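Me: I am new to this structure and would like a close look at one part of the surface. Please also place that part within the whole.

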Amino acid sequence: MKRTLLMLLLAAGCFALAVDKPVGPEYHQVMRHYKNQHVGKKLKVITRDDNVGAFLQKRAANFSELSGAEVTIGQYSWEQLVNEITTSLTTGTTFIDGYFVTASDLSDFPADRLLRLNSFIEADQQLDWSDIGTWYRTHGTFDGHVVHLPADGDFHVLYYRKDILEGAGLSPPKTLEDLIKVSRQINGTDMDGD
């Protein structure tokens, strides 16, 4: 039961982070089924002491109101968070139900100690796992076991027009310094012949 509650909280946090606005009707529609089903239950989740922690704190209050569960969000500096999670996973002496971290942070923790989420994902009719970007789905999968539920994801990419660079006799930038140099040289170029 506690693990199901954890999945619901994480889903609520994920939705909140993804939309960056007050909880909407979709959230309430999902949570209506769970109204007051977890009265008296306690859940502790830890995260960074940054804007993610602030968002999760707000959504934990919404989640508590709807589910009846008491949710505690611990917010730590990165060093403290790594220490808390590592201690929790390796010794079992710290009681923490869940960790809200970035996908790239997963490599800092022993994956064999994280909860395997495959059965939860398969059973959750509200979650369209195939709609989540492939990189985010596979990045948190170890030995075929999913160990994280992505909250959101950003890919930062730079596109350039090969014809413009070739016309100016320039090579594609490989470093930030190259990008600045190429940008200065191309700036002001008439791109559409008007």
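Reply: A residue is called buried under 20% relative accessible area, exposed over 50%, and partly exposed in between (1.4 Å probe, protein chains only). By that scale Val157, at 58% relative accessibility, is exposed. The model is predicted, so local features need pLDDT of at least 70 and side-chain atom pairs pLDDT 80 or more, while totals for chains, interfaces and linings use all residues. Residues are numbered from 1 along each chain as its sequence is written, and side-chain values use heavy atoms, with hydrogens and water left out.

Val157 sits in the loop between strand 5 (145–146) and helix 7 (162–167); helices (H or I, at least four residues) and strands (E, at least two) are DSSP runs numbered from the N terminus. On the surface, Val157 belongs to a nonpolar patch with Trp135, Phe155 and Tyr159. Together the four have about 540 Å² of accessible area, computed by the Shrake-Rupley method with a 1.4 Å probe. Patch residues have over 30% relative accessible area and no salt bridge, and nonpolar side chains are joined within 5 Å. A salt bridge here is a side-chain nitrogen of Lys or Arg within 4 Å of a carboxyl oxygen of Asp or Glu.

Trp135 is partly exposed, with a relative accessible area of 39%, whereas Tyr136 is buried at 11%. The structure holds one aromatic pair, and Trp135 and Tyr136 form it: their ring centres are 4.7 Å apart and their planes stand at 85°, so the pair is edge-to-face. Rings of Phe, Tyr and Trp (its six-membered ring) pair with centres within 6.5 Å; planes under 30 degrees apart are stacked, over 60 edge-to-face, and the rest tilted.

Aromatic rings also meet charges. The charged end of Arg48 sits over the ring of Trp78, 4.3 Å from its centre, and Lys58 lies over the face of Phe55, 5.8 Å from the ring centre. This requires NZ of Lys or CZ of Arg within 6 Å of the ring centre and within 35 degrees of the ring normal.

As for the whole, the protein has eight helices and five strands, in the order α-α-β-α-β-α-β-α-α-β-β-α-α. Of its 194 residues, 32% are buried. One of the residues that count as buried is Ser88, at 9% relative accessible area, in helix 4 (residues 78–91). The protein exposes about 12300 Å², and carbon and sulfur atoms supply 49% of that area.

How values were computed
Patch = residues over 30% accessible without salt bridge, like charges linked within 9 Å, V, L, I, M, F, W, Y side chains within 5 Å.
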